[in-house]
Amino acid sequence: MFFIFSPIDLVEWCKPEMGLFGLPDERVAYLEACTHGRFASEHDWSHEAVYAAGQATGFFELSNRPETETYPLFKRNYDIVCRRVMNGETLDVTIPKALPTSATTQPTSCESAKSKIADIRAKFGLKKRS
């Protein structure tokens, strides 16, 4: 009998699970960060990654903003922190902020863009290409 699987399946089977590193489930980590963020320095965190993800998200935001806004941000930060833990990296590196899902500004007019480019050229002493 032959058992055929794809290379993608093999890669997934070889990935370590979060539990092997003592990392709690993301929902449990989110609730811990929301509950204990107010006195973060006094709490005995279940894992340093929970604290790091909560700090990157913002403990004030976790305590005061709705879950619909904070959970996706925490989930993203926790995923990044968990990957760092599983790769043996340190957690003291700042997590870059996520880009907004949609742009809220209006496109710049051609005249305004040309004016801004001219200002930058003047500021840095750059000449127009011929």
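The buried residues of H3 are Ala49, Val50, Ala52, Ala53, Gly54, Ala56 and Thr57, where buried means under 20% relative accessible area, exposed over 50% and partly exposed in between, with a 1.4 Å probe and protein chains only. Helix H3 is therefore described as mostly covered, with seven of its 10 residues buried. Helices here are DSSP runs of H or I with at least four residues, strands are runs of E with at least two, and both are numbered from the N terminus. This is a predicted model, in which local features need pLDDT of at least 70 and side-chain atom pairs count only at pLDDT 80 or more, while totals for chains, interfaces and linings use all residues. Residues are numbered from 1 along each chain as its sequence is written, and side-chain values use heavy atoms, with hydrogens and water left out.

The buried residues of H3 pack against helix H2 (26–36), helix H4 (59–64) and H5, contact meaning heavy atoms within 4.5 Å. Just after H3, Gly58 takes a positive phi of about 110°.

## The nonpolar core

In soluble globular proteins, nonpolar side chains tend to be buried together. The largest nonpolar core in this model has 23 residues, and those with the most contacts inside it are Ala49, Leu62, Phe74, Tyr78 and Val81; such a core is a set of buried Ala, Val, Leu, Ile, Met, Phe, Trp, Tyr and Cys residues joined through side-chain atoms within 4.5 Å. The elements that give two or more residues to this core are H2, H3, H4 and H5, and H5 gives the most, with seven residues. Leaving aside its neighbours within four places in sequence, Val81 is in contact with Ala49, Ala52, Ala53, Leu91 and Ile95.

## Aromatic pairs

The structure holds six aromatic pairs, a pair being two rings of Phe, Tyr or Trp (its six-membered ring) with centres within 6.5 Å, called stacked if the planes are under 30 degrees apart, edge-to-face if over 60 and tilted for the rest. The rings of Tyr30 and Tyr71 are edge-to-face, because their centres are 4.9 Å apart and their planes stand at 85°. Since Tyr30 lies in helix H2 and Tyr71 in helix H5, this pair ties together parts that are 41 residues apart in sequence. Tyr30 counts as buried at 3% relative accessibility, and Tyr71 is buried with a relative accessible area of 18%.

Phe74 and Tyr78 form a stacked pair, 5.6 Å centre to centre with 15° between the planes; being four residues apart in helix H5, they are separated by about one helical turn. Phe74 is buried at a relative accessible area of 0%, and Tyr78 counts as buried at 0% relative accessibility. Ring pairs link Tyr30, Tyr71, Phe74 and Tyr78 into a cluster.

About 280 Å³ of space lies in the largest pocket. Of the 16 residues that line this pocket, the closest to its centre are Thr57, Leu73, Asn77, Lys97 and Ala98. A pocket is an open set of points on a 1 Å grid over the protein atoms alone, where a 1.4 Å probe fits, with protein on both sides within 12 Å along at least five of seven lines, and lining residues have an atom within 4 Å of a point. H5 gives the most to this lining, with five residues.

About 220 Å³ of space lies in the second largest pocket, a volume being the space filled by probe spheres set on the points, which are joined across faces, edges and corners. H3 gives the most to the lining of the second largest pocket, with five residues.
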